[in-house]
Amino acid sequence: MSLLDALPTPRLGRGKHPNVVLVSLSVTMLAAVWGLDAVSVAANRIVQATGVSAMDAIGWPGVLLASLLIIAVGGLAYQPSRTNYWAALGVVVLILALMPFGLMVAGHFLIDPELPQARLGIGAGYWVLLFILMLCLIELRLKLALRRFWPVVILSSIGLVWWLCASLWLSDLALIQEFKARDRQFIQAALEHILLVSVAVSISIVVGTLLALLMRRFVKLQKSAFALLNFLQTIPSLALFGLLLAPLAWLAANVPILAQLGVSGIGNTPALIALVAYSLLPMVRNTYIALEEVSPDTLEAASAMGMRASQRFWQVRLPLALPIMLEGVRITTVQAIGLTAVAALIGAGGLGTFIFQGLGQAAMDMVLLGALPILILALVVDAGLGALAEVLRPGGVR
Amino acid sequence: MKPNVKQPARLSAQSPSNRLWGQPLLWGLLLAICVLGIPYAEGLFRWFEPNARQVIYQRAHFYDLLGRHLLVVGVAAIVTISLGVGAGIAVTRKKGQDFLPLVSQLASLGQTFPPVAVLALAVPVLGFGTLPIIMALMLYGLLPIVRNTLTGLQDVDADMKTAAHAMGMTPLQTLYQVELPLAAPVILAGIRTSVTINIATAALGATVGASNLGDPIIAGIINGNMAYVIQGALLIALLALTIDSLFDALQSKIRLHLSSSPGDLARHSTR
């Protein structure tokens with residue numbers, strides 16, 4: 001035993017303890033840069049792409065730059081302080097902003113301009129790097145206790161850089177080629193997707209709130225309504241879409257007014273009905289819980305102040321319940337974005353069309369063109385409504 | 001002290017527990033009857049599709065499809081549970097504490113990813129077949145498990161842990177004999193949600209060539225044959241109800257166990 005062991009261990013200040021999370025994330029990023037394929041190259045859209053390592057794609061100066069930047073993140077996090085965290089945030093943003101340029105360099109090196117069909121795919125290493133950088137952003141946001149507003153600013157400016165690069169210089173990229181081949185279709189599909197989701201969510205907000213209010217009034221209704229909604233959720237979304245085909249087709253054939261209104265077995269109507277049916281459970285559950293959970297003391301205080309029942313509802317219960325209700329809207333919307341993709345199978349349109357067409361043709365770039373925007377849409381809505389709930393929380397932003 | 005804790009509980013729980021297993025048994029029986037009986041119920045399904053050439057899904061046996069469905073959900077569940085509970089335990093230990101905020105954020109991010117999109121993104125990497133759907137189910141099912149494991153473990157009374165420590169338990173013993181048993185009902189509730197959601201979601205696998213109970217549904221949608229869709233949907237719904245009631249019974253059993261063991265540490269914390 002040395003003397004050091006006998007001494008009481010000095011309590012390290014909070015700032016001195018290395019941030020293990022960021023350090024290990026940066027080690028993982030290094031492994032991804034060096035060990036995984038950064039990009040892939042294919043002669044056309046159907047053939048299997050071959051992976052290319054970062055060293056071959058952006059050359060040693062590029063790999064060196066990437067490694068140095070990544071090590072900088074880990075190094076700054078090794079001795080954390082507020083300044084170092086801000087610096088690390090800067091480096092992470094810099095890496096994110098430089099990543100499309102890496103793709104440009106790779107395209108310049110790897111794509112033969114003689115082959116118009118040749119295309120550059122994004123490889124596993126690139127995706128992993130992107131994903132871990134997002135994790136770094138989350139960790140830094142938590143450590144710096146930034147408001148939700150900041151990541152929106154940061155990510156949208158990075159998004160701008162990406163968009164500029166994509167529209168000006170990244171024409172070799174498979175995703176961009178796929179987009180250019182069907183840009184009108186894509187924009188229409190995206191709009192359809194958003195429209196379907198927003199109509200379905202609006203309907204379920206209205207119906208869900210009404211149901212929740214009814215349930216509060218007629219307690220007997222509560223159990224059976226929840227049982228029904230729970231049962232609806234056990235039917236796979238896929239089946240619900242399928243099950244609505246026949247009855248609606250029959251209705252459209254036999255009730256001409258409905259057919260004129262656009263009801264048919266295939267297309268938007270069954271999709272909308274299924275989406276609403278699925279969205280109701282989270283909506284009703286959250287609204288009901290939100291309204292029920294307002295503390296009785298608060299309500300009592302309100303009536304002691306001379307508020308009438310309607311005033312109590314509009315001025316006390318509803319504002320207090322709003323953030324939790326909004327949480328229900330968030331869950332519902334994110335779920336509906338995913339389900340709408342499935343609705344493409346029954347001809348409802350939307351971005352899912354590209355996924356299923358792409359799967360059918362084994363054209364993975366097309367699948368990506370459908371899946372990636374859905375993913376981004378879900379994340380954006382999630383972040384946006386989360387931020388809104390934070391603002392609406394009683395007492396405002398913490 | 002272990003036998004002390006368990007014995008009386010098992011005895012006292014005996015009679016109500018028999019009643020507990022009735023419901024899952026009933027649903028399971030119904031599922032079995034449907035799986036074996038649908039091929040003979042042509043008359044019934046003919047009623048939905050009077051003009052179709054075939055009304056019973058023929059491309060595979062229903063018990064085969066059910067088996068594959070269970071396999072996919074089971075594998076995904078095992079991986080998700082070990083990952084989710086493991087991560088939950090790791091980040092509530094002293095050494096892993098730093099990862100706690102990131103892991104809880106990550107788990108909630110996992111459910112933001114629509115399963116269809118994950119499925120589609122997984123296909124280029126993992127190929128067509130069963131792997132992409134397992135991957136999608138894992139990501140989708142992780143949140144409820146991680147969230148509930150964290151809640152369960154964090155809600156264990158700090159006094160209980162101190163008491164365990166004072167009794168000379170090692171941290172590992174505290175984890176296995178105090179924290180996990182106390183958190184078990186909450187963790188199980190998370191596993192239940194995750195598995196039930198995934199039984200329905202697994203049907204999506206049929207779109208990327210993983211053959212399971214989603215197959216008849218897809219075939220039905222493509223051929224416009226309602227009878228197929230009903231067969232697939234019926235079996236999936238019954239499977240979900242069976243598994244869900246099984247978990248329900250398991251939860252009640254654990255609750256009985258926790259509340260009726262006299263010498264148990266657990267009893268004090270539930271007050």
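How many residues of domain 1 of chain A are in contact with domain 2 of chain A, and how many residues of domain 2 do they meet? The legends below take up this and other close-up views of a model that is predicted.

**View 1. The two domains of chain A and the contact between them.** Chain A is divided into domain 1, covering residues 12-176, and domain 2, covering residues 183-392. Seven residues of domain 1 of chain A are in contact with nine residues of domain 2 of chain A. On the side of domain 1 that touches domain 2, helices α6 (149-168) and α7 (174-181) of chain A each supply at least two residues. By class, the residues on that side of domain 1 comprise five nonpolar and two charged residues, with no polar ones. Taken over C-alpha atoms, the centres of domain 1 and domain 2 of chain A are separated by 35 Å.

View 2. The secondary structure of chain A comes to 16 helices and three strands, and its C-alpha trace spans about 70 × 70 × 40 Å along the principal axes. Of the 398 residues of chain A, 38% count as buried, and among the contacts in chain A with a separation of 6 or more, 72% are between residues 24 or more positions apart. The mean pLDDT of chain A is 80, with 91% of its residues reaching 70 or more. Within chain A, confidence is lowest in helix α1 (residues 3-6), where the mean is 45, and highest in helix α8 (residues 183-217), where it is 89. Over residues 1-15 of chain A the pLDDT is below 50, and this stretch has four contacts in the model beyond near neighbours in sequence.

**View 3. The strands of chain A around β1.** Strand β1 (residues 37-42) of chain A is mostly covered, since five of its six residues are buried. With strand β2 (residues 50-53) of chain A, β1(A) pairs in the antiparallel sense over four bridges, and A:V39 stands opposite A:V52 in β2(A). Strand β3 (residues 119-122) of chain A is also joined to β1(A) by four bridges, and these two strands run antiparallel. In that pairing, the bridge partner of A:S40 is A:G121 in β3(A).

**View 4. The largest nonpolar core and the surroundings of A:V92.** The largest nonpolar core holds 178 residues, and A:V92 and B:I236 are the ones that touch the most other members. At least three residues of this core are drawn from each of domain 1 (12-176) and domain 2 (183-392) of chain A. When its neighbours within four places in sequence are left aside, A:V92 is in contact with A:V73, A:L133, A:C136, A:L137 and A:L140.

**View 5. A:A87 in helix α4 of chain A.** The residue A:A87 is found in helix α4 (residues 82-110) of chain A. Is A:A87 buried or partly exposed? A:A87 counts as partly exposed because 16 other C-beta atoms lie within 10 Å, whereas a buried residue would need 20 or more and an exposed one 12 or fewer. The C-alpha atom of A:A87 is separated by 9.5 Å from that of A:A77, and these two residues are ten residues apart along the chain.

**View 6. Helix α13 of chain A and the glycine after it.** Helix α13 (residues 296-304) of chain A is hardly covered, and the count of buried residues among its nine residues is zero. A:G306, which follows α13(A), has a positive phi, near 90°.

View 7. Chain B has twelve helices and zero strands. Of the 271 residues of chain B, 45% count as buried, and residues 24 or more positions apart account for 75% of its contacts with a separation of 6 or more. Where the chains meet, 35 residues of chain B are in contact with 37 residues of chain A. Helices α5 (100-112), α6 (115-126), α10 (214-223) and α11 (226-259) of chain B each supply at least two residues of the side that touches chain A, and α11(B) gives the most, with nine residues. By class, this side of chain B has 28 nonpolar, six polar and one charged residues.

Terms used:
Residues are numbered from 1 along each chain as its sequence is written. Chains are lettered from A and ligands numbered from 1 in the order in which they are written. This is a predicted model: local features need pLDDT of at least 70, side-chain atom pairs count only at pLDDT 80 or more; totals for chains, interfaces and linings use all residues. Ala, Val, Leu, Ile, Met, Phe, Trp, Tyr, Cys and Pro count as nonpolar, Asp, Glu, Lys and Arg as charged, and the others, Gly among them, as polar. pLDDT is the predictor's confidence in each residue, from 0 to 100. A nonpolar core is a set of buried Ala, Val, Leu, Ile, Met, Phe, Trp, Tyr and Cys residues joined through C-beta atoms within 7 Å. Domain bounds come from an automatic or database domain assignment. Two strands pair if DSSP finds at least two bridges between them.
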